[in-house]
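This report describes one protein chain, beginning with the confidence of the model and ending with the links between its parts. Please keep the sequence and the structure at hand while reading.

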Amino acid sequence: MTRLRYWFSLLLIPLSIAACSSFPSENQDPSKNNKVIYNQDLKECKEDYPEAGSGVHIRQWINCMKLKGWS
């Protein structure tokens, strides 16, 4: 059982890093491309899609941010 956990953790770490690197960080509209607007939009997405134990919420946040013009 401990070997299984070891291999699972080895797979989980790179997947987590890859998921973070694909999170939108730049807006298509230059006037909205600042930290204040970004934080407001992310807060709204987090309110619309609360955290879920399975991690699905992260993909929902990414899609929500993309709808708001972030890429």
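## Confidence and conventions

pLDDT is the predictor's confidence in each residue, on a scale from 0 to 100. For this protein the mean pLDDT is 85, and 79% of the residues reach 70 or more.

The model is predicted, and for that reason local features need pLDDT of at least 70 and side-chain atom pairs count only at pLDDT 80 or more, while totals for chains, interfaces and linings use all residues. Residues are numbered from 1 along each chain as its sequence is written, and side-chain values use heavy atoms, with hydrogens and water left out.

## Fold and surface

The protein has three helices and zero strands, giving the pattern α-α-α along the sequence; helices (H or I, at least four residues) and strands (E, at least two) are DSSP runs, numbered from the N terminus. Among these elements, helix H1 (residues 2-21) has the lowest mean pLDDT, 67, whereas H2 has the highest, 96.

Of the contacts (heavy atoms within 4.5 Å) with a separation of 6 or more, 59% are between residues 24 or more positions apart. Of the 71 residues in the protein, 18% are buried, where buried means under 20% relative accessible area, exposed means over 50%, and partly exposed lies in between (1.4 Å probe, protein chains only). The accessible surface comes to about 5,800 Å², and carbon and sulfur atoms contribute 59% of this area; accessible areas come from the Shrake-Rupley method with a 1.4 Å probe, and for residues only the protein chains shown count as cover.

## The disulfide

The structure holds one disulfide, a term that stands here for a pair of cysteine sulfur atoms within 2.5 Å. Cys 45 and Cys 64 form this link, with their sulfur atoms 2.1 Å apart. Cys 45 belongs to helix H2 (residues 35-48) and Cys 64 to helix H3 (residues 56-67), so the pair ties together parts that are 19 residues apart in sequence.

The link between Cys 45 and Cys 64 is left-handed, with -80 degrees about the S-S bond, and both cysteines are buried.

## The salt bridge

There is one salt bridge, defined as a side-chain nitrogen of Lys or Arg within 4 Å of a carboxyl oxygen of Asp or Glu. Glu 44 forms this salt bridge with Lys 68, and their closest N and O atoms are 2.6 Å apart. The pair links distant parts of the chain, with Glu 44 in helix H2 and Lys 68 in the segment after H3, 24 residues apart.

Glu 44 is partly exposed, at a relative accessible area of 37%, and Lys 68 is also partly exposed, at 28%.
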